[in-house]
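Please look through the model shown here before reading the points that follow. They take up the contact between the chains, then some helices and a loop.

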Amino acid sequence: MKKKIVTLTIPILISLCIMPFTFLENNRAFAFSNQVIQQGAVGDDVIELQSRLQYLGFYNKKIDGVFGWSTYWALRNFQYEFGLPIDGLAGTETKAKLVKASKYNKQFVKEQINKGNKFTHYGGVDQNKQSAPQSKAPAKAPAKAPSPKPAAPAPKAAPTKPTAANTPGGFSSNDIQLMANAVYGESRGEPYTGQVAVAAVILNRVNSASFPNTVSGVIFEPGAFTAVADGQIWLTPNATAKKAVLDAINGIDPTGEALYYFNPATATSKWIWSRPQIKRIGKHIFCE
Amino acid sequence: MIRGIIIGVLALGVAGTAYWGYQEHREKNAILLNAENNYQRAFHDLTYQMDLLHDKIGTTLAMNSRHSLSPSLVEVWRLTSEAHSDVGQLPLTLLPFNKTEEFLAKIGKFSYRTAVRDLEKEPLSEGEYETLKVLYKQSGDIQNELRKVQHMVLQNNLRWMDVELALASGKEQTDNTIIDGFKTVEKTVSGYDESDFGPTFTNLQKKDDNFKKIKGKTISEKEAISIAKKYMKFDGNAEVKVTENGKGSDYGFYSISIRNKKTGQEGSMDITKKAGYPIWFINHRDVTKQNLSLNDANLKAAAFLKENGYKNLELFESTQYDNTGLFNFVTKENNIRIYPEALKVEVALDNGSIIGFSAEDYLKSFNEAREIEKPVLTSEQARAKVNPNFKVMEERQAVIVNDLNKEVLCYEFLGTIGDDSYRIFINAVDGVEEEVEKLKNAEEVYDEVI
């Protein structure tokens, strides 16, 4: 019986000890969430990081919510100037120093991003001078503002979307979109791996000497893909197809370097059967 | 009276339909002609480029001055690339025409490699000269064959649309002059397979060791399943299927696919037969939330690699796509990054599980007994070789695979010119600028702006 009480009290005691600290922690880093921000990250914390770095004059590019190279160098310069270890990571210490040294007008920044305005967030400059409304946006935007405004003061309301996105090296997001179209048109009924495989075949062809050297060249090669010939490529692809394309670009090749694939149920060409086959995924046979 | 009206209406109807049908017919013909003209343009363009190519190789052969040799070779390179792109626009996909395209790519590579090097210091060798002569003859043969086809096309008003239809319907045996002509071209080129392109040429066959460096005993299907279990973490309820690779593969592997109807898990994995290394795996599910930061996910990825026995790795790139994090690791040996040995790990940011993994590059270049040369240049000397406008922010030593497909030790400099970031590799032995890479900025999301 006594043992039970002990085992019960210990955790309570521990949590009592920790609680004040966690409250403290929350108070201090009230601005950033308590994640360590590293290169490649996307989101609210990155927007804040960029805004604060810009406030201090380290970051001169667009505040877009993506931790890219410019943000990385800005952060490292900040760490250097403020005598912090230069690692390019926004950890607890760096964030605390940054919060202390700079101001962040969250409402202003979010409002600008939501409206799609061009804006900056430098310290010591009048805010009205730092934002230029998009030519399309009506001049009397403030009158319209009430609808998004009530959401803004709430601490964790709908997070602002970054205005940029990461794309893998060598491919624009439009290339990815085009590939997603092809993958969706060719293999939307297939398992996920089968969709990655179709994307991988497109990439293998781009790299092969016997095919055109661009994504669009490969996809639109006459007769290469049935989805192109019958127009199914112009269906709107879903998120899965896009994810499959990203996986393939990022190096997953489920096909074992295949250059061709066909559906044995519908293939009309005899020649395709003569290719050495590597494997079968879903309904498609992949070959050299 | 009524009869008269009905007849009138019907007559109008018939006339209207006839008119509509005629319009449709005309539109269809216009579209067909348009498509046909596109094919014709690509085809005549191709024969024209081949003509030029042949002539250009000829003039290159006749040249003595090294100054003009370089531009001439560059011209050859440009022509091959144009011809290649023309081939890509013809409906020949179902016709085996790869050899011809490969031939074009080979000439392109050869002329590029010889054109970009300093011909003052290193003139064309005897062997390369011979290669050029052979290429001259071969391109002449192809030109000849293509001209024959072209002549017949023009003579008999042959249409490429018919070729496309014949190929699509699988009736290739039917007599089609264009198809036969191209088959002859292909046959002519197949004969060249063994022609010697000289030492500069080794690099077209992409260095593909097919996991030869892996050592270990061959595993059984059962062992393969237990390895898959270890990596992908699935329970007994999942349906597991194992298949061996087909005959067309260059190396032996098992494919394992898993389906768990209860949890909706869908995974696949390839494992080498030799020693049982995973080549890649996908553990697919929808990730709709982000609970972890990219940094937390990074730790998970590193822990996963450590748990599975991958040693001496260092993170070199991390990126967030929606709710997944992608991490690129490379080997680090004695403080030198080995870029060819790269591993990619994809982590779901909702619960930190590993949803994707690719080790193909790593397995292909993995080498425990890698001998890294000693640098001849100091880092200062190497730094003097980069563009003076380049502001160096980070530097280290690294091994990369260069244009000639050789592993070389380099100094890697990361830094900026103006607003853009670059990664520059300077060979640590001879100071050659091996590679300059512009680092990508995040791309604007266009539909958000509106």
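1. In this predicted model, chain B and chain A bury about 5,600 Å² between them, and 50% of that area lies on carbon and sulfur atoms. Chain B puts 75 residues into the contact, and chain A puts in 70 residues.

2. The polar side of this contact can be counted too. Between chain B and chain A there are 25 residue pairs in polar contact, both residues being at pLDDT 80 or more. The two chains also share 4 salt bridges. One salt bridge joins the side chains of A:K243 and B:E346, at 3.1 Å from N to O. On the side of chain B that touches chain A, the largest share comes from strand β5 (residues 313-321) of chain B, with 5 residues.

3. Next, helix α7 of chain B, which covers residues 221-232. Its 12 residues reach 16 Å from the first C-alpha to the last, close to the 16 Å expected at 1.5 Å a residue. Which residues of α7(B) are buried? They are B:A224, B:I227, B:A228, B:Y231 and B:M232. Seen down the axis of α7(B), these residues fall within an arc of 115°, so they line one face of the helix. The general rule is that an α-helix has 3.6 residues a turn, so residues three or four places apart point the same way.

4. The buried residues of α7(B) have several packing partners in chain B: β2 (253-260), β3 (265-272), β4 (278-284) and α8 (294-307). Just after α7(B), B:K233 takes a positive phi of about 55°.

5. The last point is a loop residue. A:P237 sits in the loop between α10 (226-229) and α11 (239-249) of chain A. Is A:P237 buried or exposed? A:P237 counts as buried because its relative accessibility is 16%, and the cut-off for buried is under 20%. Leaving out residues up to four places away in sequence, A:P237 touches A:Q177, A:A180, A:N181 and A:Y184. A:P237 and A:A180 are 57 residues apart in sequence, yet their C-alpha atoms are 6.2 Å apart in space.

Key. Residues numbered from 1 in each chain as written. Chains lettered and ligands numbered in written order. Heavy atoms only, no water. Helix = DSSP H or I, 4+ residues; strand = E, 2+ residues; numbered from the N terminus. Expected span 1.5 Å × (residues − 1). Buried < 20%, exposed > 50% of the residue type's maximum accessible area, 1.4 Å probe, protein only. Arc of directions from axis to C-beta. Contact = heavy atoms within 4.5 Å. Buried area = accessible area lost by both parts, 1.4 Å probe. Polar contact = N/O pair within 3.5 Å; in protein donor to acceptor, adjacent residues only side chain to side chain.
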